[in-house]
Every structure is written in C-alpha cells, then in structure tokens.
Amino acid sequence: MRLEVFRLDLGMRRRLLAVYTLGMALYALIIVALYPTFEHSTGLDNLTKNSPTMAALFGASGSITSPAGWLEVNLYANFFPLLVLLATIGYGASSLAGQDEDGTLAMVTTLPIRRRRITVEKSLAMAAQAVVIVSVSTAFIAIGYTFDITVGVADMLGASVGVLLLGIDLGLVALVVGAATGRRGIALGAASALGAISYLVSSLAPVVHWMRPMRFASLFYWSVGNNQLTMGISPSEVAVLVGVALVLVALSVLAFERLDLH
Amino acid sequence: MPDTPPTTQPGPAIETSGLTKVFGGTHAVRDLDLRVEAGEIFGFLGPNGAGKTTTIRLLLDLQHPTAGTARLLGLDAHGDCLVIHRHVGYLPGELSLIGRMRVRDQLDWVARARNLPDTRHARDLAERFDLDLNRRIEELSKGNRQKVGILLAFMHEPELLILDEPTSGLDPLMKDRFEQLLRETAASGRTVFLSSHELDEVQRVADRVGLIKEGRLVRADVVENLRAKAPRTVEISFQDPVDPSVFAIDGVHKVTATGALVTLEVSGPIGPLLQVAAQLHPIDLVTHEASLDQLFLEFYRDSGSDDHAS
C-alpha cells in the first residue's frame, strides 16, 4: 500500500504542521515554566475554591495551583484540545470539501484510486497530524517535571491520548459533513459548533444539574472532562472515542461515495 | 471484473444510454444517447451551460447520473471506474493544480499514483511543449499550467482521452502542436473525446462532431455530412441584371441581387439551380462552404427543445 494521498496531503502541510506544532509546544513550555510562580498563590486558588461555577468554566476539578490543576486549567481543559481541534477540524473540512471546492480533488479522484481509499488515507493523514501536534506538545509539557509539575506520567499520557482522540473525532465530524455536503464552510461550522457545545456540556455538567445526564453525549467528557489528568484515561473512555472515530470514518466513506464532485 | 486492458474489448470507446443528470429540478443533461467509436476524434460542441462538462463528469464517475447508463471502453462508468481511470486521461475544463508543487513533483506524484515505471513520456511531451519542469506551478502562466494539464492527461498514454476545452490559454503555436498530438493519438488507434466551443479547432481535428444544446444531443455526424446538409452561399455573376424571382426553386432559401451579381443560400443538390442559371448567360460562379460555425448556429436556430439526438 503506497498511501500516495496520505503522503501528498502531509507533504503539502508539512511546513504548516511544523510551525503549528512548534507554536503549541512553546505555549505548553511557557505554561509549565510559569508554574513555580503561581504554585503558592492562594488568591488564585480562592478564585475557584469559592465558586464551583467559576471552576467549572475554567475546567478545574480541584485546586488550580496543584500541578494537575495548573495543567488542567491552562492546557488540558481548554487550549490544548482547542489548538488540536483547530488543526484537525481545519484539515477535515478542507481535505475533501475544500479540495473539491478548489478543484484539486477531481485530479485525485480520476486517478485509479478508489474513493473509499482516498477517504481512509485522508483520515489517516489527519490522525498523523494530530499525533505529531499532541506528542510534541506532550513532550514539552513533560519538561514541566523540572518545574515542580509532578503529575503521574501515565495519567498525563492518558490525558494526552484523550486530547488526541478528541481531535481526531471532531476532525472526522468535519470530514463527514464535508463529504456529505461538499461545502467546506458547512463542515467547519458544524464540527466547530459540535465541539463548542460538547465543551460547554462537559464543563458545566458538574454545576448545572439538568446538564449532568447530557455529559455522556459530550466527546470532551470522554476525553478530558472526567478527571483524566489525575485518574488517567480508562479503557472504556478510549473505547468510546475510538469507536466514535471508526463510525465516523465509515460514514465519511459512505458519504464520499455518493458525493457529486466538481 | 478482471482488470484486463479495456482496449482488447470490442465496441465503442464511449456509449451512453438515456444519460440524465438533474440538479435541483434543472436538467443539466437529458436523455443523452452518445456513441464514440474507438480510434476516432469526437468533437463535443456546445455553448457554455449546454451540459458538456456535466456529461464529462458523469462519464468519469465524478458525478452520478439521475438516470441512464454510461460505458467507457466497454466497462461500466461507475462499477468499473477504477479500471477505467487507469486507461483514461482527463483534462478538466477548469484545471486546478497544487500550486506549491514543482511541475516535476506533480508528474512524479501522478506517476506513482498510476503505478507508472517512469515519467519518460511526460518529459518528452514537456520538451515538445517547451515546458520547464523545474518551475513551481504557482509561478506558471495560464497557458503553461494548461500544458501541465495536457502532460498529466497524456503521460500514461491512455486508450481514451477526455479533454474539456484543452487549448484554453495556449498560444497559436502550442495549439498547432497540440492538434498534431491529437492526430498522432488517433493515428495510434486511441480515442479522443474533445469538448470545446472552439469550432475551428474541432473542425480541423475531429472525425465526428456532436452538438449539445440544453443537455440534449441535437446532432452527431461526420463534419462533411453536417456541412452537406447545411446551407452554403452561391454567388453567380451574369452578363446582365436578372430577375431574382426566377430562383424561387427547391433548396434555395434566400436570394439577393445586386446588379448582375446574385447571391443565394442553397442547401441540398445544386443541379436545379444550375439549370435555371444556365439559361441566363452566367459569367462566373463561386460557392462558399458553410463553416462549422455557421452550421452550429443553424442547428441551434432550428432545433427546438423537442429535437432528438441522431
């Protein structure tokens, strides 16, 4: 299997991916390097200790000046998944729908490559980009061990896996919508809206009673919203996220088979 | 379906039956019955919006028909599209290439995707069309980008070429080289389906022409037959002015007399006209064959929406 579509798409995005990953990694490094400055800030801790709603909005589940709380509030509950989602949703929306709109997809689909293979290779290309961003960022976060950030290694890696799978899932949502509609804008909008709602539900469920049952429908809950940074990611959470990804790939294949291209 | 070379299968290179595509209630292609024989250059003519590009997209399985079927090289356009794409070269009307790539890299990538052993034929064509393979595509002029499209369509020496407005942006010299390439392609037994609104170009290279209007095939015939049925202009000079009413005979549509010069629009056999003219002491007679352009306009003027493909 030569994976020509996979290689082409990654090759075209390699510089963007490198710069993007570096930016995310440097942000992570700055956050962990700042930890000693805020480690003993009781004022900051009181901000969320006295207000569960504020804590929920920040994505904090405990003390935000603890090593896990610091990483959660500044990275894992928001910016880290957000930046991974920007990359995966952006690629998911552009890889089929966007390339159809700009006309380059016709060149690929009139080559002797099956549509289902094009879809699978593009899904793999998206996953590969997410792996690069998440793994390099995680490596930079791990530098935090030299700045008093002492979370369990397995827990942190588990939370990073959660971010990775969340990014892949929502990127695949963009891919499915793009494959079904052929419209990049619709794909971007739908996946971003789903991501935003998913985030809100996951973060507000602990304090908004009627939202509690809805958290199970939130991809954020299964990836970063259920104390994964302190308790690790469970096999069932991984299974849910991987299962969703597989269903979305299957839906993308079906949708792209039916799409009328330009 | 075994992946055997489709050329070994007898029959037409392209055959559609009742091919129809409807977008939101509008028929882009309607009941299209088309047959393109192997080894011919078939000109597919029509104005913008007539359904040429949609027909091509249906043939290549880029779009799915609302009704009807299409077969290419004896194979089903949808079910056997993988094999068909291996043996078909396609040049889209609106060519989009990956701008950041060098031409050489683009060719290499397509060669790998097509499982070609090398890009020798593409390099030969690049030399023939004076195309620099080391340039980035985003740096190329429209004409040079079109040359890249031509290379991509021809590089695997396909059995069937489907070309949508292929000379768009090419200068006259390159158009000439491209027409030569088409003739060589047909001479080697391969088929060319050439969609265009460049009537002169089609007239020069096509064996047969199909005219499409509002998604329907209005006419398909060899260029000579289309011309024979089209009105041509006849100019006759007489010794003295003549009464134009004497030319009110079958086949003569329009008569204009300017002194001793009579200009007539004639279709069908010219014999009855010559018999009348001979009695009036003619001095000279000149005929102007209908150009494909005139013929095209004539068919468009005459064909109503109920016309059927021939």
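1. Domain separation. In this predicted model, the centres of domain 1 and domain 2 of chain B, taken over C-alpha atoms, are separated by 44 Å. Domain 1 of chain B covers residues 6-225, and domain 2 of chain B covers residues 231-289.

2. Overall dimensions and content. Along the principal axes, a box of roughly 75 × 45 × 40 Å holds the C-alpha atoms of chain B. The secondary structure of chain B consists of 10 helices and 14 strands. Of the 310 residues in chain B, 40% are buried. Contacts in chain B between residues at least 6 apart in sequence may also be considered: 70% of them join residues at least 24 apart.

3. The sheet of β11 to β14. Four strands of chain B form an open sheet in the order β12-β13-β11-β14, and their pairing is antiparallel. Its edge strands are β12 (252-258) and β14 (282-288) of chain B, each of which pairs on one side only. On average, neighbouring strands of this sheet are turned by 15 degrees against each other, direction ignored.

4. One strand pair in detail. Strand β11 (residues 232-238) of chain B runs antiparallel to β14(B), and 6 bridges join the two. The student may locate this pairing through S237(B), whose bridge partner in β14(B) is D284(B).

5. The side of chain B that touches chain A. How many residues of chain B are in contact with chain A? There are 18 such residues in chain B, and they meet 16 residues of chain A. The largest share, 4 residues, comes from α3(B). By residue class, this side of chain B divides into 9 nonpolar, 4 polar and 5 charged residues.

6. The position of T66(B). This residue lies in the loop of chain B between α1 (52-59) and β4 (67-72). Leaving aside neighbours within four places in sequence, T66(B) is in contact with T20(B), K21(B) and V22(B). By contrast, D130(B) is 64 residues from T66(B) along the chain, and the C-alpha atoms of the two are separated by 43 Å.

7. The exposure of T66(B). Is T66(B) buried, exposed or partly exposed? A residue counts as buried with 20 or more other C-beta atoms within 10 Å of its own, and as exposed with 12 or fewer. T66(B) has 15 other C-beta atoms within 10 Å, and is therefore partly exposed.

Methods:
Residues numbered from 1 in each chain as written. Chains lettered and ligands numbered in written order. Predicted model: local features only at pLDDT ≥ 70, side-chain atom pairs only at ≥ 80, totals over all residues. Contact = placed C-beta atoms within 7 Å. Domains from an automatic or database assignment. Nonpolar A, V, L, I, M, F, W, Y, C, P; charged D, E, K, R; others polar. Pairing = 2+ DSSP bridges. Axes fitted to C-alpha atoms, helices over the stretch in contact; angles between N-to-C directions.
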